[in-house]
Amino acid sequence: MSRDPGAREEAEPRRWITDRSRKDSERSRKEPDRSRRESERPRREVVTSPRTMAPRHPRYPVTREIDEQTRLGEIYMHSLVRTQFRLALFVCTVLGCVVVGLPLLFLLVPELHAVRLLGIPLPWAVLAGLIYPAFVIGAWLYVRQAERNERHFAELVDRAR
C-alpha cells in the first residue's frame, strides 16, 4: 500500500477544504439562532439633545423662592437688607462725625471763634446754615447708593433664573 507522493498532496488540501466546509456548515446552523436573537433584542439608539450647551434653569426661580419665603429666599433677602443696613450705618456714621465733630473742633480750636463769615461768627454760620447742604448731599449719595444696591440685587436674582 504505497501511496504516491502526488496523491498525498492532493489529499491534504481536500482534508483542509473538508474541515473548512464543516466549520462553515456549523456556522450556518448557528447563524439563524444569532439572527433570531438579534431580532428579539431592541435596537439601541443614541439620543442627544440639540440644546446640549443651553444653560440649565433652577427648579424654581429665585423670585418664587423669595415670594414663598423659603430658606433660600430668606438668604437672598437677608443679603439685601444687610447691604442696605451697612450703607445706612456708614452714612449715619459720617454725618454723626460731622455733627459731633464740628462743635468739638470749635471747642478745641478757640481761634475759630474769632473768624467771621458775613459778619456772623464761623461756628454759628457752619452749624446753623452750612451743615444742611452737607445733609442734603449725604442723603442724595445714600439714595443713589441704595438704588445701586437694589439694581445689583435685581441683576443677581435675574441671573439666577
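Of the 161 residues in this chain, 13% count as buried, where buried means under 20% relative accessible area, exposed over 50%, and partly exposed in between, with a 1.4 Å probe and protein chains only. The model is predicted, so local features need pLDDT of at least 70 and side-chain atom pairs count only at pLDDT 80 or more, while totals for chains, interfaces and linings use all residues. Residues are numbered from 1 along each chain as its sequence is written, and side-chain values use heavy atoms, with hydrogens and water left out.

**Exercise 1.** Work out which secondary structure elements the chain has and in what order they run.

*Solution.* Start with the tally: four helices and two strands. Helices (H or I, at least four residues) and strands (E, at least two) are DSSP runs, numbered from the N terminus. Now read from the N terminus on, and you get α-α-α-β-β-α.

**Exercise 2.** Describe how α3 and α4 pack.

*Solution.* Two packed helices are described by the angle between their axes and the distance between the axes. Here α4 covers residues 122–159, and α3 and α4 pack at about 170° with their axes 10 Å apart. The axes are lines fitted to C-alpha atoms, for helices over the stretch in contact, and angles run from 0 to 180 degrees between N-to-C directions.

Next, pick out Q84, which sits in α3. Q84 is buried, at 15% relative accessible area.

**Exercise 3.** Find the salt bridge and say how exposed its partners R71 and E74 are.

*Solution.* Side chains of opposite charge can pair when their charged atoms come close. The cut-off is a side-chain nitrogen of Lys or Arg within 4 Å of a carboxyl oxygen of Asp or Glu. The structure holds one such bridge: R71 pairs with E74, and their closest N and O atoms are 3.5 Å apart. Both residues lie in helix α3, three residues apart, or about one turn of the helix. R71 counts as exposed at 60% relative accessibility, whereas E74 is partly exposed at 41%.

**Exercise 4.** Locate L108 and L118, and decide whether each is buried or exposed.

*Solution.* Take L108 to begin with: this leucine belongs to helix α3, residues 71–108. L108 is exposed, with a relative accessible area of 66%.

Then move to L118, in the loop between β1 (116–117) and β2 (120–121). At 84% relative accessibility, L118 counts as exposed. Check its backbone too: L118 has a positive phi of about 55°, although it is not a glycine.
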